[in-house]
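Subject: Handing over a structure, with notes on what was found

Dear colleague,

I am passing this structure on to you, and I would be glad if you could look through it with the notes below beside you.

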Amino acid sequence: GDKRKMSDTRSIVYGAISIALSFALSYAKLFKLPQGGSVTFASLLPLMIYCCMFGTRRGLIVCTIYGVLQALQDPFIIHPMQFLLDYPLAFGLIGVSGIFMEKGVFKDKKVVAFLLGGVLAVVLRYACHVCSGVFAFADYADLDKYDTAIAYSMAYNSFAFVDMLIALVAGSTLFASKSFSALMQKSSDVNKAAEVKTEQPTEDEEELDEIDKQIIQNQEKLFH
């Protein structure tokens with residue numbers, strides 16, 4: 001139906017913009033590690049905002065696409081499984097950063113929901129990088145300094161927390177702004193909430209699946 005088509009079109013357009021912004025920001029590297037990985041200037045923030053606006057399901061797809069693009073931008077690939085862990089999976093899991101917004105947790109504290117979502121996302125990303133390090137980069141481990149390859153991988157991949165910290169600080173500033181919250185409300189799927197409440201059920205509304213309806217209802221609670 002028209003409503004579902006508008007929602008999908010809007011999410012695709014915003015997804016493309018978010019990927020482009022994050023990709024551009026990823027070139028602003030504060031420092032780069034020798035076996036892959038870098039700390040950037042809040043390159044993950046556009047993706048995280050998208051996830052808060054359109055939910056985890058769409059966020060996972062957009063972030064996975066971004067992960068593949070990262071592999072093309074600055075590849076450090078020595079094994080297919082390492083590629084999956086370090087790029088599509090690690091970056092794809094950034095898609096969970098909007099889960100607390102989507103579920104309507106901390107209704108009156110959008111900043112808290114954003115921060116907790118970011119922490120969850122970076123822990124999952126970090127776990128992927130650590131597994132990749134143990135699996136594919138054990139030969140690079142400095143065993144004179146670290147007892148095991150696991151310890152080396154955990155230390156090496158801690159850059160992910162620094163990268164996310166920058167995005168969280170920048171994002172917290174945005175989410176604390178009333179004007180930014182109003183802009184998110186205007187641009188995201190929350191606009192459909194009023195239609196769902198005021199109109200009688202139609203075939204178009206029935207095409208909105210339960211996940212979309214839940215996202216709409218929870219976003220309305222967050223932004224009102």
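This is a predicted model: local features need pLDDT of at least 70, side-chain atom pairs count only at pLDDT 80 or more; totals for chains, interfaces and linings use all residues.

Residues are numbered from 1 along each chain as its sequence is written, and side-chain values use heavy atoms, with hydrogens and water left out.

Overall make-up

The secondary structure comes to 12 helices and two strands, where helices (H or I, at least four residues) and strands (E, at least two) are DSSP runs numbered from the N terminus. Read from the N terminus on, the elements run α-β-β-α-α-α-α-α-α-α-α-α-α-α. Of the 224 residues, 47% count as buried, a term that stands for under 20% relative accessible area, with exposed meaning over 50% and partly exposed in between (1.4 Å probe, protein chains only). Among contacts (heavy atoms within 4.5 Å) between residues at least 6 apart in sequence, 74% join residues at least 24 apart.

The cores

A nonpolar core is taken here as a set of buried Ala, Val, Leu, Ile, Met, Phe, Trp, Tyr and Cys residues joined through side-chain atoms within 4.5 Å. The largest one has 32 residues, and those with the most contacts inside it are Leu44, Leu47, Met48, Ile94, Phe114, Met164 and Phe175. Two or more residues each are given to this core by α2 (45-54), α3 (56-73), α4 (80-92), α6 (110-136), α8 (159-175) and α9 (178-187), and the largest share, nine residues, comes from α2. Leaving aside residues up to four places away in sequence, Met48 touches Ile94, Ser97, Phe114, Gly118, Met164, Ala167 and Leu168. There is also a second, separate core of six residues, which includes Leu33, Tyr152, Tyr156 and Phe159.

Two packed helices are described by the angle between their axes and the distance between the axes. For α4 and α6, the axes come within 9 Å and cross at roughly 175 degrees, which makes α4 roughly antiparallel to α6. Axes are lines fitted to C-alpha atoms, for helices over the stretch in contact, and angles run from 0 to 180 degrees between N-to-C directions; angles under 35 degrees count as roughly parallel, over 145 as roughly antiparallel, 65 to 115 as roughly perpendicular and the rest as oblique.

On the α4 side the contact is made by Met81, Gln82, Leu85, Asp86, Leu89, Ala90 and Phe91, and on the α6 side by Arg125, Cys128, His129, Cys131, Ser132, Phe135 and Ala136. Phe91, which has its place in helix α4, is buried with a relative accessible area of 7%. Not counting residues up to four places away in sequence, Phe91 touches Leu44, Cys63, Tyr66, Gly67, Gln70, Asp86 and Arg125.

Ala42 lies in the loop between β2 (38-40) and α2, and its phi is near 55 degrees, a positive value in a residue other than glycine. Ala42 is buried, with a relative accessible area of 7%.

A search of the whole structure finds 12 aromatic pairs, for which rings of Phe, Tyr and Trp (its six-membered ring) pair if their centres lie within 6.5 Å, planes under 30 degrees apart counting as stacked, over 60 as edge-to-face and the rest as tilted. The rings of Phe76 and Phe137 have their centres 5.7 Å apart and their planes at 35 degrees, so this pair is tilted. The pair links distant parts of the chain, with Phe76 in the loop between α3 and α4 and Phe137 in the loop between α6 and α7 (149-156), 61 residues apart. Phe76 counts as partly exposed at 25% relative accessibility, whereas Phe137 is buried, with a relative accessible area of 8%.

With best regards
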